[in-house]
Amino acid sequence: MAERTGPVISFWGAGTSRTLRPIWVAEELGIPYELMPIGPRTGETQTEDFTRLNPKQKIPAMLEGDFRLTESLAICRYLIASHPGAAIYRPATPQEAAREDEWCCYLYGELDETSLYVMRRHRDLAHIYGEAPAAVSGARDYAMKHLSVVDGQMCGRDHIMAGGFGIADVLLMTCLDWAHVYGLEIPRGLMAYRERIGRREAYRRAMNVNFNQGA
Ligand SMILES: N[C@@H](CCC(=O)N[C@@H](CS)C(=O)NCC(=O)O)C(=O)O
C-alpha cells in the first residue's frame with residue numbers, strides 16, 4: 001500500500017495567539033498539516049461550512065479524517081498525545097502530569113480568558129460585546145498581578161516544567177506575546193524567558209505561518 005505523505009491534519013484559523021498554538025506544536029513535532037488561514041471577525045467563521053466544522057464559530061479548529069476538534073489547548077494536547085516522540089516534554093508520572101495540568105489551567109483560565117480576552121472583548125470588540133472600561137482596566141490589573149505570580153514561580157527557569165519545553169510553555173509564550181501587544185509591562189524574568197523561547201526555530205516558523213501566512 002502506498003504510504004501517505006501529504007498532510008492528513010487540517011487546521012482552520014490564523015492571525016491570533018490561539019491559532020498560533022496548534023501550528024506551533026505541529027511545527028515542534030514535525031507534523032505535516034494544511035492551514036485554512038481564516039481570520040477572526042472576518043465573517044469566515046460564520047459560513048455554513050465552517051459552522052458545520054465548529055458550531056461555536058471559533059478558531060482554531062482541527063480536522064483529521066472525520067475527527068473534529070476545537071479549543072487551542074485540546075488540539076495541542078491531542079497533537080502531542082497522538083505523535084509520540086521526544087521532541088516535546090511529556091510528563092512521566094501522575095504528579096508531573098498534574099503539575100503541567102495545573103499550569104495549563106492557570107495560564108488558560110487566569111491569563112488567556114479572564115485577563116487578555118476580557119480586554120479584547122470589551123475594548124477591541126466593544127462594538128459586539130459592549131464598552132466596559134472598568135472591566136478592561138480591572139482585567140489589565142489582574143493580568144499584571146498574575147504575570148508577577150508566574151514570574152515568581154518560574155524563578156528564572158528555562159521552561160515551566162523541569163523536563164523541558166512543553167505545552168505549558170506554548171500557553172505561557174502565546175499569552176506573553178499577547179500581553180506585549182496589549183502594552184502590558186512584562187516582568188524582567190519573563191521578558192528573558194520570552195526572548196529565549198522566541199529563538200526556537202519551530203516558534204519562528206509557526207509565527208511566520210500564523211501571522212504572515214507564508215510557507
Ligand atoms: N477557547 C477557545 C477560544 C477561541 C476563540 O475565541 N477564538 C477567537 C479568535 S482568537 C474567535 O474565533 N472568535 C470568533 C470570530 O472571530 O469570529 C480556544 O482557545 O480555542
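**Ligand site and local backbone geometry**

Among the 15 residues around the ligand, Arg41, Thr45, Glu71, Ser72 and Tyr108 come nearest (a residue is near if one of its heavy atoms lies within 4 Å of the molecule). The model is predicted, so local features need pLDDT of at least 70 and side-chain atom pairs count only at pLDDT 80 or more, while totals for chains, interfaces and linings use all residues. Residues are numbered from 1 along each chain as its sequence is written, and side-chain values use heavy atoms, with hydrogens and water left out.

**Polar contacts and cover**

- A polar backbone atom of arginine 41 is 2.8 Å from an oxygen atom of the ligand; a polar contact here is a pair of N or O atoms within 3.5 Å.
- An oxygen atom of the ligand also lies 3.0 Å from a polar side-chain atom of lysine 58.
- In the side chain of glutamate 71, an N or O atom is 2.6 Å from a nitrogen atom of the ligand.
- Of the 510 Å² of accessible area that the ligand has on its own, the protein covers 94% (Shrake-Rupley method, 1.4 Å probe).

**Composition of the shell**

- The shell around the ligand has five nonpolar, five polar and five charged residues, with Gly counted as polar and Tyr as nonpolar.
- Helix H4 (residues 94–124) gives the most to this shell, with three residues; helices are DSSP runs of H or I with at least four residues, and strands are E runs of at least two.
- The ligand lies between domain 1 (9–87) and domain 2 (94–200) because both give residues to the shell; the bounds come from an automatic or database domain assignment.

**Backbone geometry**

- Most residues other than glycine have a negative phi, and most peptide bonds are trans.
- Arginine 41, although not a glycine, has a positive phi of about 55°, and is placed in the loop between strand E2 (33–36) and H2.
- The peptide bond from isoleucine 59 to proline 60 is cis, with omega near 5°.
- Proline 60 is in the loop between helix H2 (48–53) and strand E3 (61–64).

Note on methods
Polar contact = N/O pair within 3.5 Å; in protein donor to acceptor, adjacent residues only side chain to side chain.
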